[in-house]
Amino acid sequence: MILDAHGHVGTWPDFLIPDPTAEGLLATMDRIGVTAMGISHLLAVGPDAVRGNRLAMEIAERFPGRFGVWQVYNPHHRTPLTRDGVWGVKLHPDVHECRLDDPAYEPVWELGLPVLAHGQTDSPWSDPAQFAAVAARHPGVPLLLGHTGLWPNGFARAVRTVEAHPNVHLDVCGSKMTGRWIARLVALAGAERVVFGSDACFLDLRTGYGRIALAPLTDADRALVQGGNLARLLNLPAPIS
């Protein structure tokens with residue numbers, strides 16, 4: 001089983017996305033064997049979380065079992081949240097210009113569902129240190145550190161920053177990530193703390209999964225990273241090796 005923790009559908013105003021559709025993603029998923037992908041709609045990340053979340057839910061309903069929904073929470077608009085039919089909550093502190101440790105996110109932590117948040121080393125909004133602070137306050141909430149801090153000069157620091165907080169997992173998507181870095185993250189943090197994400201349709205799903213497929217990992221560690229860990233966090237059936 002291959003589970004992609006970090007995907008999107010839709011368009012973004014300053015980023016070329018050749019195919020922003022769920023159908024395009026699904027065709028690529030089928031080609032390389034991705035079982036399911038967690039998506040947030042880029043309309044929701046941007047100007048309209050309510051409508052974008054509704055569109056993501058409609059996609060998940062059209063393709064049962066293939067897309068999980070990360071419902072986007074905009075802290076300025078206090079977006080309504082649900083427990084039904086979703087994988088969890090998606091936060092983008094940098095787009096919304098609201099620090100991850102801001103009290104405005106309390107409704108998200110109170111919900112108790114897994115949270116995937118954009119993480120960016122040295123960002124005033126989403127530096128890994130803020131993930132550590134939130135994780136300490138809410139140890140029962142599974143938290144995915146998106147992009148493991150985004151920049152290679154911050155990957156190892158991200159591991160050190162959150163290592164004392166077992167509810168934080170490292171999402172490896174990003175154009176700067178490599179197979180060797182994934183193996184190093186596994187060595188530093190443990191395979192149980194690393195989760196595959198591609199950032200499709202921003203980035204090419206084939207390239208994103210290729211980093212996992214070709215990373216110098218044991219078969220057991222690769223199985224955890226590419227699906228086993230996320231299945232555990234989401235209480236999905238255990239992947240078949």
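A salt bridge, as I use the term here, is a side-chain nitrogen of Lys or Arg within 4 Å of a carboxyl oxygen of Asp or Glu. The model I am looking at is predicted.

**Entry 1. Salt bridges**

I started with aspartate 204, which forms a salt bridge with arginine 206. The closest N and O atoms of this pair are 2.7 Å apart, so the pair falls within the 4 Å limit. I then looked up how open the two residues are. Aspartate 204 has a relative accessible area of 33% and is partly exposed. Arginine 206 is partly exposed as well, at 45%. I also noted a network: Asp122, Asp127 and Arg157 are joined by salt bridges that share partners.

How many salt bridges does the rule give? I get a count of six.

Next I took arginine 66, which forms a salt bridge with aspartate 30. Their closest N and O atoms lie 2.9 Å apart. This pair links distant parts of the chain, the two residues being 36 residues apart. Arginine 66 is in the loop between α3 (49-62) and β3 (67-72), while aspartate 30 belongs to helix α1 (residues 22-32). Aspartate 30 counts as partly exposed because its relative accessibility is 48%, and the exposed class begins over 50%.

I also recorded arginine 99 and aspartate 101, whose side chains meet in a salt bridge at 2.9 Å, N to O. Arginine 99 has 37% relative accessibility and so counts as partly exposed.

Is strand β5 covered or open on its faces? I found both faces of β5 (residues 115-118) covered. Val115 and Ala117 are buried on one side, and Leu116 and His118 are buried on the other. In a regular strand the side chains alternate between the two faces of the sheet.

Which strands pair with β5? Strand β4 (residues 88-91) pairs with β5 in the parallel sense, over three bridges. In this pairing I noted valine 89 opposite valine 115 of β5. Strand β6 (residues 143-146) also pairs with β5 in the parallel sense, over four bridges. Here alanine 117 has leucine 145 of β6 as its bridge partner. I followed the chain from β5 through helix α6 (residues 128-137) to β6 and recorded this β-α-β crossover as right-handed.

**Entry 2. The largest pocket**

I looked up the pockets next. The largest pocket holds about 430 Å³ of space. Its lining has 20 residues. Which of them lie nearest its centre? They are Phe15, His118, His147, Asp199 and Phe202. The elements giving two or more residues to this lining are β1 (3-9) and α2 (42-45). By class, the lining of the largest pocket divides into nine nonpolar, eight polar and three charged residues.

About 210 Å³ of space lies in the second largest pocket. Among its lining residues I noted Pro18, Asp19, Gly24, Leu25 and Thr28. The lining also includes Ala200, Cys201, Phe202, Leu203, Asp204, Leu205 and Arg206. Asp204 and Arg206 are the salt-bridge pair I began with. Phe202 lines this pocket, and Phe202 is also one of the residues nearest the centre of the largest pocket.

Which element gives the most to this lining? It is α1, with three residues. Both α1 and α9 (205-214) supply at least two residues each. The lining of the second largest pocket divides into seven nonpolar, two polar and three charged residues.

**Entry 3. Backbone details**

The peptide bond from alanine 200 to cysteine 201 is cis, with omega near 10 degrees. Cysteine 201 sits in the loop between β8 (194-195) and α9. Both Ala200 and Cys201 line the second largest pocket.

Histidine 147 has a positive phi of about 70 degrees, though it is not a glycine. I placed histidine 147 in the loop between β6 and α7 (152-162). Is histidine 147 buried or exposed? Histidine 147 counts as buried because its relative accessibility is 5%, and the limit for buried is under 20%.

Asparagine 235 is another residue other than glycine with a positive phi, near 60 degrees. Asparagine 235 lies in the segment after α10 (219-234). With a relative accessibility of 70%, asparagine 235 counts as exposed.

Terms used: Residues are numbered from 1 along each chain as its sequence is written. This is a predicted model: local features need pLDDT of at least 70, side-chain atom pairs count only at pLDDT 80 or more; totals for chains, interfaces and linings use all residues. Side-chain values use heavy atoms; hydrogens and water are left out. Buried means under 20% relative accessible area, exposed over 50%, partly exposed in between (1.4 Å probe, protein chains only). Two strands pair if DSSP finds at least two bridges between them. A crossover is right-handed if, with the strands pointing away from the viewer, the path from the first strand over the helix to the second runs clockwise. On a 1 Å grid over the protein atoms alone, a cavity is a set of points where a 1.4 Å probe fits but cannot get out, and a pocket is an open set with protein on both sides within 12 Å along at least five of seven lines; lining residues have an atom within 4 Å of a point. Grid points are joined across faces, edges and corners, and a volume is the space filled by probe spheres set on the points. Ala, Val, Leu, Ile, Met, Phe, Trp, Tyr, Cys and Pro count as nonpolar, Asp, Glu, Lys and Arg as charged, and the others, Gly among them, as polar.
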